[in-house]
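Here is a short note for someone opening this entry for the first time. Please keep the sequence and the model side by side while reading.

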Amino acid sequence: MATTIGGIDIEVSFTAIFVQIEGRTQILMTGLKVLLVAGTHGNEINGPWLFEQWEGRQELIDTHGLETVCVIGNPAAFEVGRRYLDRDLNRSFKKELLEASAHIDLEVDRANELLALYGPRGRVPSQLAIDIHSTTSAMGCSLVIYGRRPADLALASLIQARLGLPVYLHEGDASQKGFLVEAWPCGLVIEIGPVPQGVLDAIIVEQTRLAINACLESIAEVISGAVVYPERLIVHLHLGSMDFPRHPNGQLAACLHPSIVGNDWRPLEPNSPIFLRADGEIVHFCSEKSAVPVFINEAAYLEKNIAMSLTRREIWQVEESWIENLHEIVAINEIN
Ligand SMILES: [Zn+2]
């Protein structure tokens, strides 16, 4: 059968069309809903811009037959172009906040609302959440996952195999908890930068579009059975975060050393320069082992006392248990 796309004749066999249609029917039958959140931080505006474009041009992102729900995470903060109003929404999904009997603040209300609407047991139940962020750091297009949830690891391995992007595994940090995606059975963050807060950047928008496309394509292939997992996943394990040297009044006593600025994901060797004081004194990386820095100079982390986070690069074998867990989640309604 011949069809014409953009003036080029492409031969597509009946069998190929049948397989494609069958795959899409199978995907719709699972009842899986993928929640896509942007604007969880109200001053990260490239994700919401992409949603607006997508609404008017459905062909912009191929959902591969998946049912998707797009939502602005923190509309009140987005409206005024601020990261948050009362509290960081992406640290508000903590049990003790969500289950508090007294009213706390706007972001905790919003966290509860999002769960009531789109949580796994919400009004429009979603089993999988993709939270779209941008960063002022030179992270490129990257993924962030929290803890070592097997399904997240399986999904991250598929997206990494598609796009070759780095994966930051955030864990074991008592001061940074309550991330949105942790409240869904499976979920990860797309983190893209550098872009200043509140600035629209067509390149960042396009990178976001490609990353969402890769996520949806991977999930659809899991459901249709066409998925091929890579053998390995390269992860960057969170080791800890490092603050700037500060004066007793909390003001910065040093800036990042020029040699480290913009060098996210590039290994930092022991004793290499990291900070530069006003008087020209260089502060060196005091460690016996090298580490891979991420979120270097992220503007929003100044208030969190983080100049950068340090990670260790590891190569993990993709395990059968991860794959099984992801398959259980995406096929959740298949038996209904
Ligand atoms: Zn963010």
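1. Start with a cut-off. A residue is buried if 20 or more other C-beta atoms lie within 10 Å of its own, exposed if 12 or fewer, and partly exposed in between. Glu 328 has 15 other C-beta atoms within 10 Å, so Glu 328 is partly exposed. Glu 328 sits in helix 8. Its C-alpha lies 8.8 Å from the C-alpha of Ala 151, although Glu 328 and Ala 151 are 177 residues apart in sequence.

2. The overall picture comes next. This is a predicted model. The protein chain has 336 residues, and buried residues make up 40% of them. Its secondary structure comes to eight helices and 14 strands. Consider the contacts in the protein chain with a separation of 6 or more: 73% of them join residues 24 or more positions apart.

3. Look at the core. The largest nonpolar core has 83 residues. Leu 143 and Ile 219 have the most contacts inside this core. Which helix gives the largest share of this core? Helix 7 does, with ten residues. The core also draws at least three residues from each of two domains: domain 1 (32-231 + 318-330) and domain 2 (244-311).

4. Ile 219 is then in contact with Val 34, Leu 66, Leu 128 and Val 330.

5. Now the packing of helix 7 (residues 202-224) on helix 8 (residues 320-330). Two packed helices are described by the angle between their axes and the distance between the axes. For helix 7 and helix 8 the angle is about 90 degrees, and the axes are 10 Å apart. Angles of 65 to 115 degrees count as roughly perpendicular. Helix 7 and helix 8 are therefore roughly perpendicular to each other.

6. Helix 2 brings Asn 46, Gly 47, Trp 49 and Leu 50. These meet Ile 204, Val 205, Thr 208 and Arg 209 in helix 7. The contact of helix 2 with helix 7 has four nonpolar, three polar and one charged residues.

7. Check the backbone too. Most residues other than glycine have a negative phi, and most peptide bonds are trans. What is the peptide bond from Gly 193 to Pro 194, cis or trans? That bond is cis, with omega near 15 degrees. Pro 194 lies in the loop between strand 8 (186-193) and helix 7.

8. Another loop to inspect runs between strand 13 (292-294) and strand 14 (308-317), and it holds Phe 295. Phi of Phe 295 is near 50 degrees, a positive value in a residue other than glycine. Is Phe 295 buried or exposed? Phe 295 counts as buried, because 27 C-beta neighbours lie inside 10 Å. Asn 297 is in the loop between strand 13 and strand 14 as well. Asn 297 is not a glycine, yet its phi is positive, about 65 degrees. Asn 297 has 22 C-beta neighbours inside 10 Å, so Asn 297 counts as buried.

9. Finish with Arg 121. Its place is the loop between helix 5 (106-118) and strand 5 (128-134). Arg 121 has 7 C-beta neighbours inside 10 Å and therefore counts as exposed. Arg 121 and Trp 184 are 63 residues apart in sequence. From C-alpha to C-alpha, Arg 121 and Trp 184 are 9.6 Å apart in space.

Notes. Residues are numbered from 1 along each chain as its sequence is written. This is a predicted model: local features need pLDDT of at least 70, side-chain atom pairs count only at pLDDT 80 or more; totals for chains, interfaces and linings use all residues. Axes are lines fitted to C-alpha atoms, for helices over the stretch in contact, and angles run from 0 to 180 degrees between N-to-C directions. Helices (H or I, at least four residues) and strands (E, at least two) are DSSP runs, numbered from the N terminus. Angles under 35 degrees count as roughly parallel, over 145 as roughly antiparallel, 65 to 115 as roughly perpendicular and the rest as oblique. A nonpolar core is a set of buried Ala, Val, Leu, Ile, Met, Phe, Trp, Tyr and Cys residues joined through C-beta atoms within 7 Å. Domain bounds come from an automatic or database domain assignment. Two residues are in contact if their C-beta atoms, placed from the backbone, lie within 7 Å. Ala, Val, Leu, Ile, Met, Phe, Trp, Tyr, Cys and Pro count as nonpolar, Asp, Glu, Lys and Arg as charged, and the others, Gly among them, as polar. Lists of a residue's contacts leave out its neighbours within four places in sequence.
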